[in-house]
Amino acid sequence: MPWHAVPFDSERRAYLKKKFNVRFGPYLIALDSAGRKLSIDYEDLEHKSIQQCLEDPAQQEASYVCLEILRKIKLGLPFPEQEADLAMQYAARVGLRQEDPHFSCLREVLSERQQELEKSAKTKCQQIVRALDSRQKVTVQEVEDAINFATQRRLCQDDPDFSRLLKTLAQYKGKGPGKEKGKFSHKGTGHKGGKKGGEGGGSGTGALLRPAGGGEKNGL
């Protein structure tokens, strides 16, 4: 036989026959990985494969949910970010197979989208950091917006530019060690200029920046 079998006259055969109430043969019984008996309606076999019949209803539903989200994306509708996250969580919770075509396709789509989002967040943070390094006027609101933008796109805080902005904002709000509230110091080299304490027109990366006056209180 091309499958596993027990001897015809063994006690194990008699035990299995009694356990599954087998009264005639041949008799097909489907078991899951834990040895539990699965129920298959023979009428389902007219429209489904055995594998599909054996799948858990919750797993089938999870696969269908993934398919519906893929359809929305294909139609060019607004990206269902929250729905997709919930679908992935549901699929993982019910144990949907990684090989399920809808599940694997949605996972790939979300991975590519996340890469695009992270790229846009990195670009946003880089722009603000470059503006700071070149001593262009940067407002607190712009730094906060960049941080929120990166956070929403799940950019890792280990990203150097994102980390730099987080430290910049913390120092500006007086949370940075050794920093006077309202000031931010660019680390690096640069000639000393202006008044004591970083005030005035010093240039280079060693200049201290503080909130702009004259009604522009949100400058860095």
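**A close look at helix α5**

Tutor: Let's go for helix α5, which runs over residues 101-133: its 33 residues reach 48 Å from the first C-alpha to the last, close to the 48 Å expected at 1.5 Å a residue. (Helices are DSSP runs of H or I with at least four residues, strands are runs of E with at least two, and both are numbered from the N terminus; the expected span is 1.5 Å times one less than the number of residues.) Before we go on, keep in mind that this is a predicted model, where local features need pLDDT of at least 70 and side-chain atom pairs count only at pLDDT 80 or more, while totals for chains, interfaces and linings use all residues. Residues are numbered from 1 along each chain as its sequence is written, and side-chain values use heavy atoms, with hydrogens and water left out.

Start at the N-terminal end. D100 caps α5 there, with a side-chain oxygen 3.1 Å from the backbone nitrogen of H102. (A polar contact is a pair of N or O atoms within 3.5 Å; within protein, one must be able to donate a hydrogen and the other to accept it, and residues adjacent in sequence count only if both atoms are side-chain atoms.) A residue from another helix turns up at this end too: S63, which sits in helix α3 (residues 57-74). Leaving aside residues up to four places away in sequence, S63 touches L96, D100 and H102, where a contact means heavy atoms within 4.5 Å. S63 is buried, as its relative accessible area is 9%. (Buried is under 20%, exposed over 50%, and partly exposed in between, using a 1.4 Å probe on protein chains only.)

Now walk along α5. The buried residues include F103, L106, L110, Q114, L117 and A121.

What comes after the helix? α5 is followed by R135, whose phi is positive, near 60 degrees, although R135 is not a glycine. You'll find R135 in the loop between α5 and α6 (140-152), and it counts as partly exposed because its relative accessibility is 30%. R154, in the loop between α6 and α7 (160-172), also has a positive phi of about 60 degrees without being a glycine. R154 is partly exposed, at 48% relative accessible area.

Finally, step back to the whole chain. The protein has 7 helices and 4 strands, which follow the pattern α-β-β-α-α-α-α-α-α-β-β along the sequence. Of its 220 residues, 27% count as buried. Among contacts between residues at least 6 apart in sequence, 48% join residues at least 24 apart.
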